[in-house]
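Here are a few notes from my read of the model you sent over. Have it open beside you as you go through them.

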Amino acid sequence: MDYSQFFNTALNRLHDERRYRVFADLERIAGRFPHATWHSPKGSRSVVIWCSNDYLGMGQHPKVVGAMVETATRVGTGAGGTRNIAGTHHPLVQLEAELADLHGKEASLLFTSGYVSNQTGISTLAKLIPNCLILSDALNHNSMIEGVRQAGCERQIFRHNDVAHLEELLIAAGPDRPKLIVCESLYSMDGDVAPLGKICDLAEQYGAMTYLDEVHAVGMYGPRGGGIAERDGVMHRIDIVEGTLAKAFGCLGGYIAGRAEVIDAVRSYAPGFIFTTALPPAICSAATAAIRHLKTSNWERERHQDRAARTKAILTAAGLPVMSSDTHIVPLFVGDPEKCKRASDLLLEDHGIYIQPINYPTVAKGTERLRITPSPYHDDGLIDALAEALLQVWDRLGLPLHQKSLAAE
């Protein structure tokens, strides 16, 4: 039997649907972000990255790099195994304490990625609650969807950010049934924000627990970078906060934070935690340095918001179809998978600008877009050059200007 035919068929299907993904070979250079080297088929060339989730450039911050190098030099590289076998190395203990403090919670638990923290965190929590009903926002991330699915309990989807629909489902569930509301604070493809205060009101009124994904907001919102929940003054009303170290903190890893007994229960039962090697000490020290810095420094957050606002203003003034967003995410509507991929290719090849296309299944068909994420280090010249390059690409591909986006409604 020719097993390779199965895989070739699967790959051909992606090509036919214009969903096959190509990854650019990029080499970031510390101290020069957002500039990087693209190792293209025709040789190396300098490019500007416009779609990184290292939102604040902390991956190159001297304190973060210094902490990683010092720890690796002092204690070595790997963690030595799972925490059950090798114990918990001290930098990890320090990091979990820092994360609990960031969110004003009793404890936190570290995972190898934000995806794993959602996938195993949600499923474990729900399994430990008898007859649990999960109420999940329609636009939740795939990692949350997988966590809900793997929980194996009943689930209901409420319309995106629709608190009236959520209340209907809560009422129908009845006052005695355990309920877990699962949502994000900031949805990274549209850049919109959940009405957290209203969701907390409903959770308290109808006896539900709340699980909040803050991965695109930690480090960037709130007086100490605690996220949208901190900014909106509802952190103490959220039962479980989930976040990542791989975006604003510039490192790697995911976590949950909450009451001590909740975190201890997940620690004791979650397969995605128990059977996985812990994050290396150097990464933990680097993340701790990033968190501590951003708890006291507002320059990065303020500059970041300024750059995002200017990028939106310049692109909008140029007539480009910027989708409505109140956050640092700048989505540019395309609405066609082939043209979205072609626009990305032209920007990279002709203008030295890297913006990855966002196509189905990350977003719904017909809402394909370029997702632009300015950083504190994108200066006025880079923003102006981006606008000019986009206008040239839009003209070459025959894309309309000032197009009203269905995805932004």
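1. Start with the second largest pocket: 18 residues line it, and W38, S40, P41, L348 and E349 sit nearest its centre. Strand 2 (35–40) and helix 14 (337–351) are the elements that each give two or more residues to this lining, and helix 14 gives the most, with five. (A pocket is an open set of points on a 1 Å grid over the protein atoms alone, where a 1.4 Å probe fits, with protein on both sides within 12 Å along at least five of seven lines; lining residues have an atom within 4 Å of a point.)

2. What is the lining of the second largest pocket made of? Eight nonpolar residues, four polar and six charged. The volume of this pocket is about 360 Å³.

3. This is a predicted model, where local features need pLDDT of at least 70, side-chain atom pairs count only at pLDDT 80 or more, and totals for chains, interfaces and linings use all residues. Numbering runs from 1 along each chain as its sequence is written, and side-chain values use heavy atoms, without hydrogens and water.

4. Mean pLDDT (the predictor's confidence in each residue, from 0 to 100) is 95 for the protein, with 98% of residues at 70 or more. Watch residues 403–409, though, where pLDDT is below 50.

5. Have a look at T311 in helix 13 (residues 299–317). T311 counts as buried because its relative accessibility is 0% (buried means under 20% relative accessible area, with a 1.4 Å probe and protein chains only). Its side chain reaches the backbone oxygen of R307 at 2.8 Å.

Definitions and conventions. Points joined across faces, edges and corners; volume = space filled by probe spheres on them. Helix = DSSP H or I, 4+ residues; strand = E, 2+ residues; numbered from the N terminus. Nonpolar A, V, L, I, M, F, W, Y, C, P; charged D, E, K, R; others polar. Contact = heavy atoms within 4.5 Å. Buried < 20%, exposed > 50% of the residue type's maximum accessible area, 1.4 Å probe, protein only. Polar contact = N/O pair within 3.5 Å; in protein donor to acceptor, adjacent residues only side chain to side chain.
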